[in-house]
Amino acid sequence: MILASNSQRRQEILKDAGFNFKVIASDVEEISDKKIITERILDIAEKKLEQIAKNNVNEFILAADTVVELNGKVFGKPKNREEAFKFLKTLSGKVHRVITAYVFKNISKNILIKEVVVSEVKFFDLDNDTINWYLDTG
């Protein structure tokens with residue numbers, strides 16, 4: 001299997017579940033013209049997968065994309081520690097949505113599975129010390 005992602009967390013989850021895989025990260029620009037957020041995230045995951053799948057038609061490919069959404073505002077990967085701090089401060093004490101789209105495909109076997117999973121997450125009120133401690137864990 002090929003994981004079309006550099007996400008350390010995705011790699012850890014798959015390893016813990018006993019999967020053998022190699023990583024071939026996609027370098028597609030993570031943009032979509034879809035208006036509905038779930039469709040947009042799925043579109044990006046599909047673009048990541050297709051870039052890798054076209055050169056690996058006999059392989060099983062897994063691609064995914066995840067964002068956090070709060071009141072219509074989408075939070076992507078923070079660019080740095082300061083942005084991560086700001087994101088966590090904004091989410092503190094609130095219920096937000098974590099939206100993950102995944103696509104699993106094998107072209108030669110005509111297999112395609114795709115889904116969007118939306119989870120509601122509530123953060124406790126986080127003080128600055130707690131946020132900094134968390135960010136220090138890497």
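Is F87 buried or exposed? F87 is buried, with a relative accessible area of 14%, where buried means under 20% relative accessible area, exposed over 50% and partly exposed in between, for a 1.4 Å probe and protein chains only. The model is predicted, so local features need pLDDT of at least 70 and side-chain atom pairs count only at pLDDT 80 or more, while totals for chains, interfaces and linings use all residues. Residues are numbered from 1 along each chain as its sequence is written, and side-chain values use heavy atoms, with hydrogens and water left out.

**Aromatic pairs**

- A search of the whole structure finds two aromatic pairs, a pair being rings of Phe, Tyr or Trp (its six-membered ring) with centres within 6.5 Å, called stacked if the planes are under 30 degrees apart, edge-to-face if over 60 and tilted for the rest.
- The pair of F60 and F104 is stacked, because the ring centres are 5.5 Å apart and the planes lie at 15°.
- F60 belongs to the loop between α2 (37-53) and β3 (61-70) and F104 to strand β5 (residues 95-106), so this pair ties together parts that are 44 residues apart in sequence; helices (H or I, at least four residues) and strands (E, at least two) are DSSP runs, numbered from the N terminus.
- F75 and F87 form an edge-to-face pair, with 4.9 Å centre to centre and 85° between the planes.
- F75 lies in strand β4 (residues 73-75) and F87 in helix α3 (residues 81-91), twelve residues apart.

**Accessibility of the rings' residues**

- F60 is partly exposed at a relative accessible area of 28%, whereas F75 counts as buried at 4%.

**After helix α4**

- Just after α4, G138 takes a positive phi of about 80°.
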